[in-house]
Amino acid sequence: GGLTRPAEIFVVIEVDSYGLYFRKVKTRVIQDSIEPTWDDDFLIELEGSGNVRILVYEETEEHNILIGKRTLELSRSWLRGKYSEQRIPMNDVMLTCQTKYLSFEETIRRVPAANPIALFKTSINLTTQKEKRAVPFIITSVVHEVERRGITEVGIYRVSGSASDMARLKRVYESKPYEAEQLIKECDVHAVAGILKQYLRDLPDCIFTSEAYSKLIDAYRNPDEGQKSRLYLKLFSHLPPNPNQVCVLFLVEHLVRVSQMEQQNKMSLHNLATVFGPTMLHAGPNDKKGMDILASSTVDVMAQSGILNYFLSRRARGEPIQILERTL
């Protein structure tokens with residue numbers, strides 16, 4: 001509320017991390033309205049965050065005009081399991097929304113409904129839309145199980161799992177996801193880890209996107225380490241925030257936690273990057289340049305692992321891999 005004339009309005013929600021704010025939500029634009037209403041649901045992961053920043057913009061032909069801004073400090077009063085209305089004044093406008101707290105366990109274990117649409121070899125964007133989740137259930141459930149009972153296993157993610165267990169897991173994840181949550185507790189943990197690698201490898205567009213893949217390979221070949229770092233961060237910031245940035249961040253954080261158990265599992269950041277580099281970074285079937293790069297030599301396996309190792313090492317040092325974009 002508070003608008004004095006019809007306008008094209010959208011809202012951006014950012015959360016802080018290591019002193020910088022990163023965009024988590026951008027609503028659709030409500031056209032020509034004096035009382036814009038979105039009626040949308042968003043799941044925002046707040047782990048490690050202390051503040052939420054809400055920005056209200058008017059979209060014009062020339063540029064976007066900031067008409068409202070408010071920074072809210074997170075507090076225990078937000079930890080409610082039921083929806084509560086929040087009225088947030090900012091400048092001359094008032095944003096009304098409802099908030100509800102979900103624990104980490106609830107967000108990763110929310111099982112999607114069964115759907116005849118295939119899971120493997122399907123765009124991660126379509127999967128997250130279908131499941132109404134920021135990160136696909138297969139990723140969150142496997143990560144949870146590996147951290148529950150496999151994080152100290154020697155060679156986790158490197159040792160091959162039972163082919164029959166992996167076939168069972170694939171079948172259940174695609175047809176009866178509500179059963180997958182129980183089945184992963186019974187299967188060999190290396191098969192559980194293996195089904196995650198297979199899912200990522202089978203994506204038609206890799207989790208870093210085919211569009212960014214060849215550019216990241218080019219950046220890897222830059223001899224100037226400072227320029228290379230800036231290019232990596234810039235290319236990552238240009239990935240779609242949802243689901244690609246969110247999913248990459250979720251996996252990177254997990255792999256860093258796995259590496260912290262290196263004394264027991266023998267999986268260093270370098271080892272994990274070697275395993276997951278070609279899995280998370282690969283050319284799509286329609287990316288001719290990327291396929292040509294991949295076919296050119298084994299150097300590209302080194303590039304794939306080198307690129308991922310950069311992001312893993314940066315997070316292991318406590319540095320962000322997202323950079324704030326000033327333009328919307």
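Helix α3 (residues 137–149) packs against helix α5 (residues 177–186) at an angle of about 20°, with the two axes 10 Å apart. Helices here are DSSP runs of H or I, at least four residues long, and strands are runs of E, at least two long; both are numbered from the N terminus. Axes are lines fitted to C-alpha atoms, for helices over the stretch in contact, and angles run from 0 to 180 degrees between N-to-C directions. The angle therefore makes α3 roughly parallel to α5. Under 35 degrees counts as roughly parallel, over 145 as roughly antiparallel, 65 to 115 as roughly perpendicular, and the rest as oblique.

This is a predicted model: local features need pLDDT of at least 70, side-chain atom pairs count only at pLDDT 80 or more, and totals for chains, interfaces and linings use all residues. Residues are numbered from 1 along each chain as its sequence is written, and side-chain values use heavy atoms, with hydrogens and water left out.

The crossing of α3 and α5 is right-handed. On the α3 side, the contact uses F137, S141, E145, R148 and R149. On the α5 side, P177, E181, I184, K185 and E186 take part. Contact means heavy atoms within 4.5 Å. By class, this contact has six charged, three nonpolar and one polar residue. Ala, Val, Leu, Ile, Met, Phe, Trp, Tyr, Cys and Pro count as nonpolar; Asp, Glu, Lys and Arg count as charged; the others, Gly among them, are polar.

Now take a second pair. Helix α4 (residues 163–175) and helix α6 (residues 189–202) cross at roughly 60°, and their axes come within 9 Å. So α4 is oblique to α6. This crossing, too, is right-handed. From α4 come D165, M166, L169, K170 and Y173. They meet A191, V192, G194, I195 and Q198 of α6. The contact of α4 with α6 has six nonpolar, two polar and two charged residues.

Some backbone details deserve a look. The peptide bond from N242 to P243 is cis, with omega near 10°. P243 lies in helix α9 (residues 241–259). D32 is not a glycine, yet has a positive phi of about 45°. D32 sits in strand β3 (residues 30–33). Its relative accessibility is 56%, so D32 counts as exposed. Exposed means over 50% relative accessible area, buried under 20%, and partly exposed in between, using a 1.4 Å probe and protein chains only.

T209 also has a positive phi, about 75°, without being a glycine. T209 lies in the loop between α6 and α7 (210–220). With a relative accessible area of 9%, T209 is buried. D218 is placed in helix α7. D218 is partly exposed, at 39% relative accessibility. The C-alpha atoms of D218 and K228 are separated by 9.3 Å, and the two residues are 10 apart along the chain.

Finally, the whole chain. The protein chain has 13 helices and seven strands. Of its 328 residues, 48% are buried. Among contacts between residues at least 6 apart in sequence, 65% join residues at least 24 apart. The accessible surface comes to about 16,800 Å², and 50% of that belongs to carbon and sulfur atoms. Areas come from the Shrake-Rupley method with a 1.4 Å probe; for residues, only the protein chains shown count as cover.

Terms used. A crossing is left-handed if the near helix is turned anticlockwise from the far one by less than a right angle, and right-handed if clockwise.
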